[in-house]
Amino acid sequence: DRLPLTPNGKVDRKALPEPDRIRPEFEETYIAPQTTVEKQLAGIWAQVLGLEKVGINDKFFELGGDSILSFQVISKANLAGLYLTPKQLFQHQTIAELATVASTNISMSAEQGLVTGSFPLTPIQRWFFEENFSNYHHYNQAVLLEVQQALNPVLLEQVIHYLLRHHDVLRSQFIQESSKWQAMIGEFEQVAPITVIDLSTLPPESQSAAITATCSELQASLNLSRQLLRVALLNLGINQHNRLFIVIHHLVVDGVSWRILLEDLQTAYAQLSQGETIKLPPKTTSFKQWADQLQQYAQSALAQEEMDYWLQIRDQPCSSLPVDYPGGNNIMSSAGSVTVTLSAEETQALLQDVPAAYRTQINDVLLVALVQAFAKWTGQTTLLLDLEGHGREEILTDADISRTIGWFTSLFPIVLSVEETSNPGEALKIVKEQLRQIPNRGIGYGVLYYLNEDRRMTDVLRSLPKAEVIFNYLGQLDQVLNTSSMFKFASESDGSNQSDRNHRSYLLEIDGSIISGQLKLQWRYSHNLHKQSTVETLAQGFIEALRSIIAHCQSPEGVGFTPSDFPLVQLNQTELDLALQQISF
């Protein structure tokens with residue numbers, strides 16, 4: 001009923017009960033959306049995050065959201081007549097806050113007709129051609145889908161025709177002239193890259209191998225100057241689900257693009273099958289326009305302000321990764337992989353319990369575990385690695401690429417350090433702050449490296465040490481095809497996305513994603529450089545570090561703030577910890 005006091009009338013702190021991490025009476029309760037905008041946003045969040053309901057005080061990233069899912073939120077909000085930007089979603093992470101900044105006046109407009117003509121290569125496309133692969137034509141992304149209902153090949157062909165008209169970049173051609181690669185978007189031609197293949201005469205036990213062989217053949221059939229997309233409908237016979245295979249050259253598609261493309265494919269097919277005219281959401285800024293504007297941005301003072309940050313890398317201690325077989329040939333034919341997973345319960349905790357503890361996002365947590373695993377292997381507390389991002393950052397004021405298909409990926413180096421701390425919370429805070437210092441989520445590095453016309457500047461960037469490991473978090477793939485979808489991901493192999501003759505750009509490649517409610521990390525390596533047992537030990541060390549972080553964040557001690565949580569207050573971590581300690585009393 002009252003605070004215990006000392007004889008001097010002050011609060012007797014020693015007599016106070018031990019505080020719980022979260023007292024039941026202070027727990028946030030569900031507050032339903034009230035206004036029209038709040039109800040619209042809550043419905044969109046629930047759909048994208050796969051939740052039954054969302055309260056107005058729930059935080060997007062603490063519900064399991066990530067930067068890739070944010071684009072689905074933005075796209076669906078725009079279709080509902082609410083204009084939002086990804087930056088607003090990061091700054092206003094609750095429905096209540098976001099509803100106050102959502103605008104019903106959508107000012108940006110994009111060309112809705114056929115877009116054609118040449119365009120400058122973007123940074124990631126320039127990276128691709130500078131790699132000097134043995135076979136440029138065979139470097140793809142593909143999906144193999146199990147079809148849950150009968151597909152009419154005639155209607156499917158009409159849908160593919162429409163998608164090629166709607167998403168202009170899929171009509172791209174890349175031609176080498178005088179040792180330089182030129183890019184252009186061609187006119188639409190009534191030639192759909194669709195093939196119907198009958199595998200129904202094969203016995204069921206032979207069909208799986210036949211599916212993979214067919215996919216492998218199609219993967220190797222693309223040509224940069226003629227055809228960047230192939231579609232095949234594989235007929236497996238009566239009482240079996242057919243397969244739909246789509247392969248697209250990586251130069252014109254990325255992970256976010258596949259989400260858009262598969263959604264449009266289903267929408268368009270459903271409309272045609274019901275006798276309706278195809279009507280997809282309006283086009284956003286074309287890839288051609290984005291590439292043109294990015295070239296101009298690269299020469300701006302705003303872009304060049306990032307140089308000092310990127311040059312810090314040369315001052316960081318970086319050492320080469322150990323190899324088991326020095327001098328081995330690092331080519332695709334020697335590639336192997338190791339996959340490690342978290343359980344569904346651990347993944348749920350990673351998505352919803354961990355972010356609230358230190359105001360983190362999932363990439364922060366995964367990278368802490370990654371640095372700790374490498375430190376255990378190499379004995380070094382710092383790690384130079386390249387990070388992949390979606391590359392759709394808001395650096396151009398008059399561009400909306402939330403529904404634009406293309407290869408937007410950003411690729412940039414960073415040196416992460418855990419500073420010899422064994423405490424998961426301290427390591428999480430250290431790495432979180434290192435990641436928050438990256439300007440514009442890393443997109444500027446490639447812009448300056450490949451597009452800036454100041455040769456002195458680009459020469460300095462090209463002299464920086466090169467990373468031997470790359471990390472990419474692909475997001476929650478469960479949200480790509482939900483339970484009501486006409487497709488689900490097939491279990492058979494879809495062949496190789498790259499030619500066996502191509503070299504591998506890194507010693508180790510780590511891709512993370514959430515599939516069927518479980519976090520999966522695939523570690524790719526070369527048998528010519530590393531033993532499988534070496535990579536298995538490293539990957540398992542990552543999982544152990546990740547479990548330690550999850551357990552810590554679920555404990556009473558697992559809570560804390562960092563300076564980036566208070567951007568208007570200029571405090572370092574020590575000063576902030578002291579200030580918060582004083583406030584708590």
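Q: What radius of gyration does the protein have, and which value would a compact globule have?
A: This is a predicted model. The chain has 585 residues, and a compact globule of that length would have a radius of gyration near 25 Å. The protein agrees with that value, because its own radius of gyration is 25 Å.

Q: What does the C-alpha trace of the protein span along its principal axes?
A: The trace carries 19 helices and 14 strands. Along the principal axes, its span is about 90 × 60 × 55 Å.

Q: What percentage of the residues in the protein are buried?
A: Buried means under 20% relative accessible area. Of the 585 residues, the share that is buried comes to 53%.

Q: What percentage of the contacts with a separation of 6 or more join residues 24 or more positions apart?
A: Start with the contacts whose partners have a separation of 6 or more.

Q: Is Phe174 buried or exposed?
A: Phe174 sits in strand β3, residues 172–177. Leaving out residues up to four places away in sequence, Phe174 touches a list of residues including Phe119, Leu121, Trp181, Leu224 and Val252. Its relative accessible area is 1%. The cut-off for burial is under 20%, so Phe174 is buried.

Q: How many Å separate the C-alpha atoms of Phe174 and Ile185?
A: Along the chain, Phe174 and Ile185 are 11 residues apart.

Q: Is Glu419 buried or exposed?
A: Glu419 belongs to the loop between β10 and α15. Not counting residues up to four places away in sequence, Glu419 touches Thr381 and Ile430. Its relative accessible area is 53%. Exposed means over 50%, so Glu419 is exposed.

Q: How many Å separate the C-alpha atoms of Glu419 and Ala102?
A: Glu419 and Ala102 are 317 residues apart along the chain. Their C-alpha atoms are separated by 41 Å.

Q: Are α14 and α15 roughly parallel or roughly perpendicular to each other?
A: The axes of α14 (residues 362–378) and α15 (residues 424–436) come within 9 Å. They cross at roughly 115 degrees. Angles of 65 to 115 degrees fall in one class, so α14 and α15 are roughly perpendicular.

Q: Is the crossing of α14 and α15 left-handed or right-handed?
A: At this crossing, Asp364, Val365, Leu367, Val368 and Gln372 of α14 meet α15 residues, among them Ala427, Leu428 and Val431. By class, the contact has seven nonpolar, one polar and three charged residues. The crossing is right-handed.

Q: How many charged residues does the contact of α9 with α16 have?
A: The axes of α9 (residues 287–297) and α16 (residues 443–451) come within 10 Å and cross at roughly 80 degrees. That makes α9 roughly perpendicular to α16. Trp290, Leu294, Gln295 and Tyr297 of α9 make the contact with Ile443, Val447 and Leu451 of α16. By class, six are nonpolar and one is polar, and the number of charged residues is none.

Q: Is the crossing of α12 and α18 left-handed or right-handed?
A: Glu346, Ala349 and Leu350 in α12 meet Leu546, Arg547 and Ile550 in α18. By class, this contact has four nonpolar, no polar and two charged residues. The crossing of α12 past α18 is left-handed.

Q: Is Thr458 buried or exposed?
A: Thr458 is part of helix α17, residues 455–462. Beyond residues up to four places away in sequence, Thr458 touches Leu448, Tyr449 and Asn452. Its relative accessibility is 7%, so Thr458 counts as buried.

Q: What is the phi of Ser179?
A: Most residues other than glycine have a negative phi. Ser179, in the loop between β3 and β4, has a positive value. At 63% relative accessibility, Ser179 is exposed. Its phi is near 70 degrees.

Q: What is the phi of Asn440?
A: Asn440 lies in the loop between α15 and α16. It is partly exposed, at 36% relative accessible area. Asn440 is not a glycine, yet its phi is positive, at about 50 degrees.

Key: Residues are numbered from 1 along each chain as its sequence is written. This is a predicted model: local features need pLDDT of at least 70, side-chain atom pairs count only at pLDDT 80 or more; totals for chains, interfaces and linings use all residues. Side-chain values use heavy atoms; hydrogens and water are left out. Helices (H or I, at least four residues) and strands (E, at least two) are DSSP runs, numbered from the N terminus. Buried means under 20% relative accessible area, exposed over 50%, partly exposed in between (1.4 Å probe, protein chains only). Contact means heavy atoms within 4.5 Å. Axes are lines fitted to C-alpha atoms, for helices over the stretch in contact, and angles run from 0 to 180 degrees between N-to-C directions. Angles under 35 degrees count as roughly parallel, over 145 as roughly antiparallel, 65 to 115 as roughly perpendicular and the rest as oblique. A crossing is left-handed if the near helix is turned anticlockwise from the far one by less than a right angle, and right-handed if clockwise. Ala, Val, Leu, Ile, Met, Phe, Trp, Tyr, Cys and Pro count as nonpolar, Asp, Glu, Lys and Arg as charged, and the others, Gly among them, as polar. The radius of gyration is taken over C-alpha atoms; the globule rule is 2.2 Å times the number of residues to the power 0.38.
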